[in-house]
Amino acid sequence: MIKFRLYFDKDPETVWLNEMSADGWALTGFFAGFYRFEKCEKGEYIYQIDFGDKLYAVSNEYRELMNELGIEIVVLWGYWIILRKKAADGPFELYTDVDSQIEHYRKIRRMFKVVTILELICFWVEMFAGFAGNDFAWGFGILILVFILATVNAVFRINDVLADLEEKKSGIVSERKGRNVPALIPVGLLISCIMFLVEESVSVMPWVSWIVHILAIGMMAVGLVMLVQERKR
């Protein structure tokens, strides 16, 4: 079985993989958002996701350590490492102390910040191409903007996780305001992006195009209002 999902946050992805395992589906492969599963005993595996130091590779020492612990490396994708362990072998946690958890999430946050900077560069390149007369560049620019919002949202979410861990470590609770980007904003941008690309490749009635763009703008506007209200709380 193959399922398509886009995750920018390893924590809900881990929850989902374990829910699939609980339903009797074990992850066996991954490529660009496509997850491949095969049947297994319900709850046979526990999954965790680690963040490595190398692209699409791990050190021999890491492999040996995982083997010693009875942990299987299922997928290497970028810096992400999807691991699993037989549930019968007991609990499966990668980072059990607060300090190691903090360092783990700081590494992930650094990666997302670098990716966001690269995305911004690509976005402005597409915008310049759009102003130069390349109509396709506008669609690709909006698509890149969707990914920028997703990675920025991931940074905000990790900041909240790190704040929770720092509070746990120090015992001092601080007041924080939510900063997650509402899903309506990237979804609206994605709809506009798809419409721009479709308009250039197939014949679309003008009134259909306008309705879709107005709908997308309305979704983004509602998302911005939700974001402002969340920041005020």
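# Reading a sheet, a patch and some salt bridges

Visitor: Which residue of β3 stands opposite Trp-25?

Guide: Lys-39 stands opposite Trp-25. Keep in mind that this is a predicted model.

Visitor: How many bridges join β2 and β3, and in which sense do the strands pair?

Guide: Count 6 bridges between β2 and β3 (residues 34-39). The pairing is antiparallel.

Visitor: What is the strand order in the sheet?

Guide: Read β1-β3-β2, an open sheet of 3 strands with antiparallel pairing. To find the edges, look for strands that pair on one side only: here β1 (2-4) and β2 (25-31). Ignoring direction, neighbouring strands are turned by 30 degrees against each other on average.

Visitor: Which helix packs on this sheet, and which strands does the helix touch?

Guide: Helix α1, residues 10-22, packs there. Helix α1 touches β1, β2 and β3. The direction of α1 makes about 25 degrees with that of β3.

Visitor: Now the surface. Which residues make the nonpolar patch?

Guide: A patch residue needs over 30% relative accessible area and no salt bridge. Here Ile-2, Phe-4, Leu-6, Phe-34 and Phe-147 make a nonpolar patch of about 520 Å². Take Phe-4, found in strand β1. Its relative accessible area is 45%, so Phe-4 is partly exposed.

Visitor: On to charges. How many salt bridges does a search of the whole structure find?

Guide: Start with the general idea: side chains of opposite charge can pair when their charged atoms come close. The cut-off is 4 Å from a side-chain nitrogen of Lys or Arg to a carboxyl oxygen of Asp or Glu. The search finds 9 salt bridges.

Visitor: Which residue forms a salt bridge with Lys-169, and why does the pair tie together parts apart in sequence?

Guide: Asp-99 does, with the closest N and O atoms 2.9 Å apart. Lys-169 lies in helix α4 (residues 135-170) and Asp-99 in helix α3 (residues 98-131), so the pair ties together parts 70 residues apart in sequence. Lys-169 counts as exposed at 51% relative accessibility. Asp-99 is partly exposed at 46%.

Visitor: Which residue forms a salt bridge with Arg-106?

Guide: Glu-166, with the closest N and O atoms 3.1 Å apart. Arg-106 is in α3 and Glu-166 in α4, so this pair links parts 60 residues apart in sequence. Arg-106 is partly exposed at 34%. Glu-166 is partly exposed too, at 31%.

Visitor: Which residues are linked in a network of salt bridges?

Guide: Asp-9, Lys-10, Asp-11 and Arg-157.

How values were computed:
Residues are numbered from 1 along each chain as its sequence is written. This is a predicted model: local features need pLDDT of at least 70, side-chain atom pairs count only at pLDDT 80 or more; totals for chains, interfaces and linings use all residues. Side-chain values use heavy atoms; hydrogens and water are left out. Two strands pair if DSSP finds at least two bridges between them. Helices (H or I, at least four residues) and strands (E, at least two) are DSSP runs, numbered from the N terminus. Axes are lines fitted to C-alpha atoms, for helices over the stretch in contact, and angles run from 0 to 180 degrees between N-to-C directions. Contact means heavy atoms within 4.5 Å. Patches are made of residues with over 30% relative accessible area and no salt bridge: like charges are joined within 9 Å, nonpolar side chains (Val, Leu, Ile, Met, Phe, Trp, Tyr) within 5 Å. Accessible areas come from the Shrake-Rupley method with a 1.4 Å probe; for residues, only the protein chains shown count as cover. Buried means under 20% relative accessible area, exposed over 50%, partly exposed in between (1.4 Å probe, protein chains only).
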